[in-house]
Protein chains: 2
Amino acid sequence: ALYRGIENREEVVAKIRSLHTDSLKKLAIRCEDLFMAGQKDQLRFGVDSWSDFRLASDKPSCEAGDAIYYTATYAKDPLNNYAVKICKSKAKESQRQYYHSLAVRQSLSVNFNIQQDCGHFLADVPVRLLPWEDPNSPDEEEEEDEDDVSKEEMGKENGGKKKQDSTSSTAKSQKCNIGNQGTISRQRSRVVVITREVPYQTVAEFVEEAKTRHTKNPDLYERQVCLLLLQLCSGLEHLKPYHVTHCDLRLENLLLVHFRPGGGLLNFEPVEVNPNSTCPARLLVSNFSQAKQKSRIMDSEVLRDQSRLAPEIITGTQYKKCDEFQTGILIYEMLHLPNPFEENPELKEKEYTRADLPPIPHRSLYSRGLQQLASCLLNPNPSERILISDAKDMLRCLLWGPREDVLLALSAVSGSAQRDAVLQNWLDIKRTLLMIKFAEKSLDKESGVGLEDWLCSQYLAFATIESLRRIVRLMHQH
Amino acid sequence: ALYRGIENREEVVAKIRSLHTDSLKKLAIRCEDLFMAGQKDQLRFGVDSWSDFRLASDKPSCEAGDAIYYTATYAKDPLNNYAVKICKSKAKESQRQYYHSLAVRQSLSVNFNIQQDCGHFLADVPVRLLPWEDPNSPDEEEEEDEDDVSKEEMGKENGGKKKQDSTSSTAKSQKCNIGNQGTISRQRSRVVVITREVPYQTVAEFVEEAKTRHTKNPDLYERQVCLLLLQLCSGLEHLKPYHVTHCDLRLENLLLVHFRPGGGLLNFEPVEVNPNSTCPARLLVSNFSQAKQKSRIMDSEVLRDQSRLAPEIITGTQYKKCDEFQTGILIYEMLHLPNPFEENPELKEKEYTRADLPPIPHRSLYSRGLQQLASCLLNPNPSERILISDAKDMLRCLLWGPREDVLLALSAVSGSAQRDAVLQNWLDIKRTLLMIKFAEKSLDKESGVGLEDWLCSQYLAFATIESLRRIVRLMHQH
C-alpha cells in the first residue's frame, strides 16, 4: 500500500508528508515517556517511609520563595535523588497554606512543569537547616501548637535532643533521618515535603546571574527566556481545565531542575550546568499557597446571586486571567527590567493602553516578539487579554518560526490557497529538518535528544495549517 | 536561503529531497566511523608487545578452515578483546602460506569485511591449544626447522618446559604469555597471528546450525543469507582495485564477528547472539593463503609474449572473475544445497548453460532473486559473468527494493521520463522511511543503529536514478 500511486508525484509528496507527521507525533510522545520516566506513576510516601530518607548534604540545593530544598536519598530507590522541601513559614501558618495548596494540587494530573509532591509531614527541624532563622530567637509558635497533626522528629537518632518543650510531639515511632548530624541544636517545627525533582536554582537566581550574559550574548539569553516562558505557559495551560489559577507567579516561585531523559542510573551523576546551552533547564511552577480554584459544582444559590451582577465583578472574583497578567510582568523581569506596575503604581488606576507600557529594548531577534507578547498579556481588559495557550503559540513561533522571511513571502502571495501552500511548504521543510536532527542524534552518544528537541517536536508534530494561520494572525494582530 | 522559493512547491520538494540525501550521506559516513571505530588506525604489534597478550580462556572462540582462534587480552588496552589466531598447518608450510597472504593483505587498505592482522610470530604452542592434533605424534617437522625466523615460546613462564629438541629456539628474551597454564605439555611450533576481531563462528557453522531455522522461517534465514552475501561482496569488491583475487572462498574461510558500534568499553561485555535478528553478524573474509595478486607493473617481455595468445588463456591465468564464480557456489551452499559442480563434475566439461544449473527451491521472498544471482555468477563465460559490484547491487535490490510492486508500476508506465519519475518517487519514500528509522533510534536506548541500518544507508544515500535504472535492468536481464 506504501507504493500505491507511486507514479503520481502529488500522491508521493502527500505520503512523505504524512509519514513525517505520524513519525514526529510518535517521537514527541516517546520523548514525553523518556523525559517523564517514572514520574507518571504518582508516588505517595506515607509516614512509614520517612525513616528511609536521608539528607545527601547539609548544603541546601536551592532556596526558593516559600521553602528551602535539600537533596535527599531514599533507601528504597538508591539510584534516584529526591528533594526535601522545608517550608519557610512557621508550622501553623505554613501548614494552613500547605494543605490549601495540596488540595489544589491533588486535583491536578501530573505535568512536566508543575511541582509534584510525593508526601509531606510536620517535623522538628534542626535550626542549622533553616539558615534564614536566628537560632537564638524563641520559636514563639511552639506553645500554641495543636495536636491534631502527626509530627515527626528530625535528627533524633544520633543523640540530637528531642525538644522537651514541644507539646505537640506525638507518640509516633517513625523517625525521620533528615538532618541527623552529630550536632545538638535547637529544633523548629516545620512542614516538610518530599518531591522527586531536586531544584538547583530559582528563576530569580538564574535571571540575576545572567545580567552580563544578557549584555554579551543577547540572542542566547533571550532565547533561553523564551524557552523558560514556554515551559511556564505549558504548566499554566495545564491548570486551566482544572479551573486553577496560581495567582502568585514570581521569579522565586519558579524552580529550575536538571533533567536527563530516562532518569534511572544517570539521575545520580552530577550534571554540569552549561549556561550557554540554549535550553537552560526544566522549569517547575511551585508554591501554590495563593492558588485559587473555582469549584466546579456551583452552588445554585450563588448562581442565582451572580445572575444579577455586572460581569466585571464576577471576573474580578474568578481570577481567570490573572496568571496571564502575571506572566506579562515576568517577561519584563526576566529581561532585567522592573515590573511596570511597581515602577509606576498609578498605571493601574488610569485606563492604560499598550502605549503606556515601558518599551523593551531591542537587543535580540526575540526582543520585538517578547515586547508584543508582554503587551498582549498585560492588556488591562481581561476579555481582550490573550489566553495562556495563545502566549504559548506566540513563543513557539518566536523560537521556531515561521520567522520574518517566511511571513514576508506569505504577505507577497495573494489568495488564501496560496498562503496556505506557503505555510504547508514551511511546515514540510521544518519537519524534515527536525527529523534529520533526531536521526543524527541516534549516532551521537555524547548529546542525546534534548529538552529543546522535545519542545520543538511538540510544536511541529501537532501543528496544522489552521493552527499556523492562527499563530501568524496573532503575531500580526497587535 | 532555506526558505527561498517557499511559495513554489516544486522547489520545496527538491529542497526536501536534497536535505534527505545530504543527511543520509552524512549518516552513512558517521556509521562507518562508529562501526569501524579504532580500526582505521592500523595496529602493528612487534615482538616486544607479545608478552602483553594473554589468553582469556583455553576454550577456542572459533575453529576456522586454516586456524584456531582464542580470545586474548592485551595489557595495554584492557577494554578491548583481541584474537590470537594459531595457524593449523605445520610451521614451515604455514609460514610460507602466511607470508604470502601477508604480502597480499599488506597491500590492501582497511576494510570492514576483510580480516586485518595486527602482528604475527612463530611460537611454541602447547599441544592442548591445538585440539585437532594427536599430542603423542611426533612433530616431524621440528628437526628441519631453520633458524631464520624469530621464534617465541608459549607457556614458558609458569614452568611449562621449554622444548629441548627444538633447534630453532632463538635467544629472544620476549615471552609470549599465551597458554601459560600450569600444565606441562608438549609444544609445537606454529605461526600465531594477532587480530583485532574475535570470531565466534565460521559461516560454515552458521549455515549448519541454521538447517531447521531455514525450514521454519525461510524468509528470515534467506534474508540473513542475503546480508552475509552482501558483506562478502563488499569485501571482495574492495580487493578489485588492488588486483587481488581470494581464490579460496569457502564457508569455513568466512568468519562471523559480533559487532558493537563504537567499540570501547562495550566491546568487553559478552554479546548475546540472537539468531533471529535479521543481520546475524559482521562477516570477515579470512585465509588469503591462495590469493592471487596481479602485479601492476607488467614485465614488457611478458606483455610481448601475451600479445599473441588467445584471450581465454590470459583470462585463465588472471583469475579475474574467479571470486565471482566461487560466490555463486557459496549461494548454493548457504541455502543448504550442494555445490553443483561437486555433485555433477561433468558440468564443467560440457558447455553448460544456466538451465543446467540445479534449481533453488522457492522457499522465501528472496529465493527467486538468489537463484538468478547464482546463475549470473556461475555463467561459464567470464566476460558474460557479472561483476562482484553488480552482485552487490542485486543483493541490495533484493534486500531493500525496488521490489515486485514497484517494478510492476515501472513497467506499466511508458516513456523513460515517467519511469525515472517512478524511481525517484520510490527513492524519496525509502529515504524518508530510513530517516524516520534513524530518528526513532535516537530515543531507543536498548537497540541503537544496527549493521543492517548502516548497510541500507550506504545503498539509499548514494543511489541515483542512473544506478537504480541499472539495477532494475540487472534484475530483469537474465
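Author: Two strands pair if DSSP finds at least two bridges between them; strands (E, at least two residues) are DSSP runs numbered from the N terminus, as are helices (H or I, at least four). This is a predicted model: local features need pLDDT of at least 70, side-chain atom pairs count only at pLDDT 80 or more, and totals for chains, interfaces and linings use all residues. Residues are numbered from 1 along each chain, chains are lettered from A and ligands numbered from 1 as written, and side-chain values use heavy atoms, without hydrogens or water.

Reader: Which residue is the bridge partner of A:Leu255?

Author: Strand 10 (residues 254-257) of chain A pairs with strand 11 of chain A. The pairing is antiparallel, over four bridges. The partner lies in strand 11 of chain A: A:Leu284.

Reader: How many residues does helix 13 of chain B give to the side that touches chain A?

Author: The contact (heavy atoms within 4.5 Å) takes 46 residues from chain B and 46 residues from chain A. Across the interface the rule finds four salt bridges (side-chain nitrogen of Lys or Arg within 4 Å of a carboxyl oxygen of Asp or Glu). On chain B, helix 1 (9-35), helix 12 (404-412) and helix 13 (416-441) each give two or more residues. The largest share comes from helix 13 of chain B: 15 residues.
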